Amino acid sequence: MISVKNLSITRSGKQLLKGVNLEVKPGLFTAIAGPNGAGKTSLLKAISGESAYEGTLEINGTAANKYSVAELSKIRSVLPQSSHLQFPFSVQQVVKLAGNHKNITEVMELTGITTWATRNYLTLSGGEQQRVQLARVLSQVWDIKSYPRYVLLDEPTSNLDLAQQQLIFSLVKHACERNIGVLAIVHDLNQVAQFADQLYFLKGGSVVANGNPKEIFTKKIIEETFCCKVNVYHDPCTDCPYIVPDKNLFTTPLKTVNA
C-alpha cells in the first residue's frame, strides 16, 4: 500500500497541500478529483518522487526515500500530464524505454497500438501518443509479482476521444487485477463514478471528502467542492451516480470585471 500521512507542500510562501492523508491499495483504482488549483498534480508529484514535501510517505511499509531509483522502478511507474520526447523513436522503441521487454507484446495489444509498432512516435496525434505512453508505463510493472506495484496517472485520458477513454479506464481496471494499485487524477466525474473504487476530493490543498464514489457523490459534496450547481441522478445501466451540471451553473456569483 502507498500510505500518505500529513503531507504538506509549500512553494514560494504558498501552501499547495495542507496535511493530506491518502491511501492507495493494491487491487484498487483510486481517483483524485477537484477544481483547478486544488493541489492534485502537486500531490501526485510528491508521491512519484518529483517534489519535496513534509510529512510521511510509505510504499509497501517502507519510507519512499529508503528505496533506490532501481528499486522504485520495479514497484512504481508514472504517467505525467505531458511527456516530451524529441527523438524520432518508433512506437515500439518508446514502449521499450520502460526497461521490461518481456510483456511489451501483451501490453501493446491491450492498448491497441500493435499496428503502430514501426511508426515514428513524433508523427502520432496527441491522443495516440498518450496511448503509447500508457503502454510504456503499464509494461514497466505488468509482470505479476508477489509484492504490490503501483501506477500513477496524471489525467490519462486528457487527449482521448470517448471510445479511447473507455478503453483506457477498462485497461486500468484490468491492471488492478494484477496486484497493482492505480492512482489517477481524473476530471470527468462520471468516469470516476463508473470505474473508481476509491475517490479523494481535493480543494484548496486539502482533502474535503473521500470514500467510494457511490457514497460521496452527493449534490452537497460536489457543489461545495467545485462551487458549481449540479444535479445527481442514478444511472440504471451502470448502477452508478450520474452528474449533470445545472444550467444555473455557479453556487457563488462571478466577480464583475470593470471595463
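Close-up 1. At 47% relative accessibility, K214 counts as partly exposed, a class that lies between buried (under 20% relative accessible area) and exposed (over 50%), as computed with a 1.4 Å probe on protein chains only. This is a predicted model, in which local features need pLDDT of at least 70 and side-chain atom pairs count only at pLDDT 80 or more, while totals for chains, interfaces and linings use all residues. Residues are numbered from 1 along each chain as its sequence is written, and side-chain values use heavy atoms, with hydrogens and water left out. The partner of K214 is D239, and the closest N and O atoms of this salt bridge are 3.6 Å apart. Because D239 lies in the loop between β11 (228–235) and β12 (240–250) whereas K214 belongs to helix α8 (residues 213–216), the pair ties together parts that are 25 residues apart in sequence. D239 is likewise partly exposed, at 44% relative accessibility.

**Close-up 2. The salt bridge between K220 and E224.** In this pair the closest N and O atoms are 3.0 Å apart, and the two residues, four apart in helix α9, are separated by about one helical turn. K220 is exposed, with a relative accessible area of 57%, while E224 is partly exposed at 46%. Counting a salt bridge wherever a side-chain nitrogen of Lys or Arg is within 4 Å of a carboxyl oxygen of Asp or Glu, the total comes to seven. Helices (H or I, at least four residues) and strands (E, at least two) are DSSP runs, numbered from the N terminus.
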